[in-house]
Amino acid sequence: MVKITPTAITRLHGKLESQPEGTAVRMTVKNGHVRFRPDTERKGDIVFHHQGQSVLLVGAATARQTSKRTLDVVTTADGNRLRFTRPV
């Protein structure tokens, strides 16, 4: 299963401040590209919480594609970004 660092979960939580209550961030993978978008919980989702709020939603197919990876925040030339790391 995908793992998420505390830094990444805090960043996702911050992105939800302007969203309606009950909204979380859904992570999907399509053609090798990871996307994040606002959504609501669906049956079968893996749900990550922060401070009592659903923050990240991961469907079963995405969970399989991202297993053994860790979502973290890394500094890039464009600023801080959510990125996957793999175990060494």
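Colleague: How many bridges join strand β2 to strand β3, and do the two run parallel or antiparallel?

Modeller: Seven bridges join strand β2 (residues 24–30) to strand β3 (residues 33–39), and the two run antiparallel. This is a predicted model, in which local features need pLDDT of at least 70 and side-chain atom pairs count only at pLDDT 80 or more, while totals for chains, interfaces and linings use all residues. Residues are numbered from 1 along each chain as its sequence is written, and side-chain values use heavy atoms, with hydrogens and water left out.

Some terms come before the details. Strands (E, at least two residues) and helices (H or I, at least four) are DSSP runs, numbered from the N terminus. Two strands pair if DSSP finds at least two bridges between them.

Within the pair, V29 has V34 in β3 as its bridge partner. The hairpin of β2 and β3 has two residues between the strands, and N31 takes a positive phi near 55 degrees there.

Now for the rest of the chain. Its secondary structure comes to two helices and seven strands, and the pattern along the sequence is β-α-β-β-β-β-α-β-β. An open sheet is formed by three strands in the order β1-β6-β7, with mixed pairing. Strands β1 (3–4) and β7 (79–85) stand at the edges of that sheet with a single partner strand each, so one side of each has no neighbour in the sheet. Between β1 and strand β6 (residues 70–76) there are two bridges, and these strands run parallel. Opposite I4 stands L71 in β6.

Another strand, β4 (residues 46–50), holds H50. The residue H50 is buried (under 20% relative accessible area; exposed is over 50%, partly exposed in between; 1.4 Å probe, protein chains only), with a value of 17%. Leaving out residues up to four places away in sequence, H50 touches I9, T10, H13 and V55, where contact means heavy atoms within 4.5 Å.

For the protein chain overall, 33% of the 88 residues count as buried. Of its contacts with a separation of 6 or more, 50% are between residues 24 or more positions apart. The C-alpha atoms fill a box of roughly 35 × 30 × 25 Å, taken along the principal axes.
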